[in-house]
Amino acid sequence: MEIFELAASLGQLLKQDRRLGELERAKDAYESNTELQAMLAEFDAQQATLQAEVTKPDRDMHLVDAVQARIDELYGLITGHQAFVELNEAQAV
């Protein structure tokens with residue numbers, strides 16, 4: 001029984017740690033940011049498009065280049081977004 005009491009005490013201490021609260025706030029901000037979520041969805045769609053195109057024997061290299069350019073652009077926008085940066089910083093602590 002003592003181990004369960006210790007685990008409960010640890011859980012209570014973790015809830016009081018400011019870092020855990022900051023992580024939860026950063027995660028909520030990341031997940032609720034519609035602009036960022038739209039970019040992430042487009043990033044995934046562009047990745048799928050690129051994957052589908054490069055596996056074709058008669059791939060369109062102009063399309064591949066255009067999609068890759070958009071993926072690179074989205075990557076920069078996503079990784080530079082405030083909500084993304086704050087979540088990464090909160091996770092690193």
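Mentor: Begin with a term: contact means heavy atoms within 4.5 Å. The model is predicted, so local features need pLDDT of at least 70, side-chain atom pairs count only at pLDDT 80 or more, and totals for chains, interfaces and linings use all residues. Residues are numbered from 1 along each chain as its sequence is written, and side-chain values use heavy atoms, with hydrogens and water left out.

Trainee: Which residues is L36 in contact with, leaving aside its neighbours within four places in sequence?

Mentor: Neighbours within four places in sequence are set aside for this list. What remains for L36 is Y30, I78, H81, A83 and F84.

Trainee: Which residues have the most contacts inside the largest nonpolar core?

Mentor: A nonpolar core is a set of buried Ala, Val, Leu, Ile, Met, Phe, Trp, Tyr and Cys residues joined through side-chain atoms within 4.5 Å. Buried means under 20% relative accessible area, with a 1.4 Å probe and protein chains only. The largest such core has 16 residues, and those with the most contacts inside it are Y30, L36 and I78.

Trainee: How many helices and strands does the protein chain have?

Mentor: Both are DSSP runs, helices being H or I of at least four residues and strands E of at least two. From the N terminus on, the elements run α-α-α-α-α. The count is 5 helices and 0 strands.

Trainee: What share of the residues of the protein chain count as buried?

Mentor: The cut-off for buried is the one given above. The protein chain has 93 residues, and the share that count as buried is 20%.

Conventions: Buried < 20%, exposed > 50% of the residue type's maximum accessible area, 1.4 Å probe, protein only.
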